[in-house]
Amino acid sequence: MRIIKSALGVMICFAIYFLRGKEGTPFYSALAVLWCIQNQSKNTVQNALQRTVGTGIGALYGLIYILIKGQIKGIGDGFLHYFIISMVLIPIIYTTVVLKQKKASYFSCVVFLSIVVNHLMDENPYIFVANRSLDTLIGIFVGLILNSIYIHGRIDRETLFIADLDKSMDDSMGGVTSFGKIRIGGMLEKGMKLTFMTLRTPAGFLEGMPDVKPVLPVIAMDGAILYDIKENRYPKVYIISARHANSIEDFIKERGFNIFTTIILDDVLIIYYDELINPAETDIYDKLHKSPYRNYLNKERPKEHPVVYMMCIDKTEKIERLVQEIEESDVYSELKILSYPSDDYKGYSYIKIYNKNASVQNMADYVKTMTGASQIVTMSDNRRNKADFVSSDCNTLVRKLHYMFNWSPRRSSANNINLLHHASDV
């Protein structure tokens, strides 16, 4: 659609040129419209502002130079003329810095040079300055109008969409595709009720999806917490009480394991750990502790603080034995235990411990109530959660999201959900 709008925008600029009686230069209008039409409306507005400011500054300096050169006959068309032009670029660029529009400096210089290099010898260069500015503004206006037009059917702002892209975010999978990021950003901009469910911590999600900023809180740590990226806070958390956490830590440490224990204190996520006892732990710490989103402390957790989540990684046979012992012990009550082999460390497995009420479903219901959504549709690139639609291909999931978001009045959301339930894994 961006391609189609770009071609249509240029055609409209040419049409306006003819309606103006072939006044001006449509080339500049076409450049402006191509620059302004972007994949998201907010980018169009930003680019339009840059182009407008740049054109104004460049045209102003161009006009000033014309007036000065008209009064000083000795400048002529020699090297002095071009030397002065080069030096004038310094105040032009500095002006954009003062106005806090640094990104407009390129356009300011282009407009100035087009006036004083190509058109200074015109019969009436003042008319060119006026037309140059008008041509650019025409292109900007056309670009803004076209990018604000949404030609799809009625969009669904009533359904809460929840996507699990954990597999796609893995470095081994190449990360979420550019197509996916752009399309998701566009849907969020148009008011889609979209959030994400992830096994990762908030830090892991932010690092895996750095270009996507969901408006709704993210369901993280397999439903243990709800994280609001915009406010950097945790509206909902399922915790393990301090007393119960103390018992669990003692039980696990007695068996020779180190524990990464996560708490939330005044909306700050803190990870406590003891001595690192195996290569997997050491590597995980080395990779993650430098992140600005994580706060590691090599000390004992204050006993009065409740816990959000505990994690151990060790040889698979040791983890399996630990899981069995926990499930047979008194500390197992009120817990949810997740254990699985590590993809990154061969022969190692994780154990992750949460409050027993920590679940994606509970958090999804909470977000549904919070947003007033009429229903929930879930999508996943893995089979860990029982999602309505599962596909191992990220782009397929994003296309399905886009299709369901852009539903026509003749196609109900309920029908869309039925389509999802019957979709096969790709």
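Mentor: Before we start, a patch here is made of residues with over 30% relative accessible area and no salt bridge, joining like charges within 9 Å and nonpolar side chains (Val, Leu, Ile, Met, Phe, Trp, Tyr) within 5 Å. The model is predicted, so local features need pLDDT of at least 70 and side-chain atom pairs pLDDT 80 or more, while totals for chains, interfaces and linings use all residues. Residues are numbered from 1 along each chain as its sequence is written, and side-chain values use heavy atoms, without hydrogens or water.

Trainee: How much accessible area does the nonpolar patch of Phe 79, Leu 80, Phe 83, Met 87 and Ile 90 have together?

Mentor: Areas come from the Shrake-Rupley method with a 1.4 Å probe, and for residues only the protein chains shown count as cover. One member, Phe 83, is found in helix α4, residues 79-98; helices (H or I, at least four residues) and strands (E, at least two) are DSSP runs, numbered from the N terminus. Together the five residues of this surface patch have about 540 Å².

Trainee: Is Phe 83 buried, partly exposed or exposed?

Mentor: Buried means under 20% relative accessible area, exposed over 50%, and partly exposed in between, with a 1.4 Å probe and protein chains only. Phe 83 has 41% relative accessibility, so it counts as partly exposed.

Trainee: How far apart are the end C-alpha atoms of helix α14?

Mentor: The expected span is 1.5 Å times one less than the number of residues. Helix α14 (residues 394-405) has 12 residues, so it should span 16 Å. Its buried residues include Leu 397, Val 398, Leu 401 and Phe 405.

Trainee: In β4, what is the bridge partner of Ile 219?

Mentor: Two strands pair if DSSP finds at least two bridges between them. Antiparallel β3 and β4 (residues 225-228) are joined by 3 bridges. Within β4, the partner of Ile 219 is Leu 226.

Trainee: Which residue in β2 does Ile 162 stand opposite?

Mentor: Strands β1 (residues 159-164) and β2 run parallel and are joined by 4 bridges. From β2 (residues 193-196), Leu 194 and Phe 196 point one way and Lys 193 and Thr 195 the other, and all four are buried. Opposite Ile 162 stands Thr 195.

Trainee: How many residues apart in sequence are Arg 200 and Asp 166?

Mentor: These two form a salt bridge with their closest N and O atoms 3.9 Å apart, a salt bridge being a side-chain nitrogen of Lys or Arg within 4 Å of a carboxyl oxygen of Asp or Glu. Arg 200 lies in the loop between β2 and α9 (202-208) and Asp 166 in helix α7 (residues 166-169), so the pair ties together parts whose separation in sequence is 34 residues.

Trainee: Are Asp 222 and Lys 336 buried or exposed?

Mentor: Their salt bridge has its closest N and O atoms 2.7 Å apart. Asp 222 lies in the loop between β3 and β4 and Lys 336 in strand β10 (residues 335-341), so the pair ties together parts 114 residues apart in sequence. Both residues are buried.

Trainee: Which residues are linked with Glu 249 in a network of salt bridges?

Mentor: Glu 249 forms a salt bridge with Arg 301, the closest N and O atoms being 3.0 Å apart. Arg 301 is in the loop between β8 (296-297) and β9 (309-315), and Glu 249 in helix α10 (residues 242-253), 52 residues apart. Glu 249 and Arg 301 are both buried. The network links Glu 249 with Glu 300, Arg 301 and Lys 303.

Trainee: In the hairpin of β6 and β7, which residue takes a positive phi?

Mentor: Strands β6 (residues 260-265) and β7 (residues 268-272) pair in the antiparallel sense over 5 bridges, with Thr 261 opposite Tyr 272. The hairpin has 2 residues between the strands, and the one with a positive phi near 55° is Asp 266.

Trainee: How far apart in space are Arg 383 and Glu 231, C-alpha to C-alpha?

Mentor: Arg 383 is found in the loop between β12 (375-380) and β13 (389-390), and counts as exposed at 60% relative accessibility. Arg 383 and Glu 231 are 152 residues apart in sequence, and their C-alpha distance is 31 Å.
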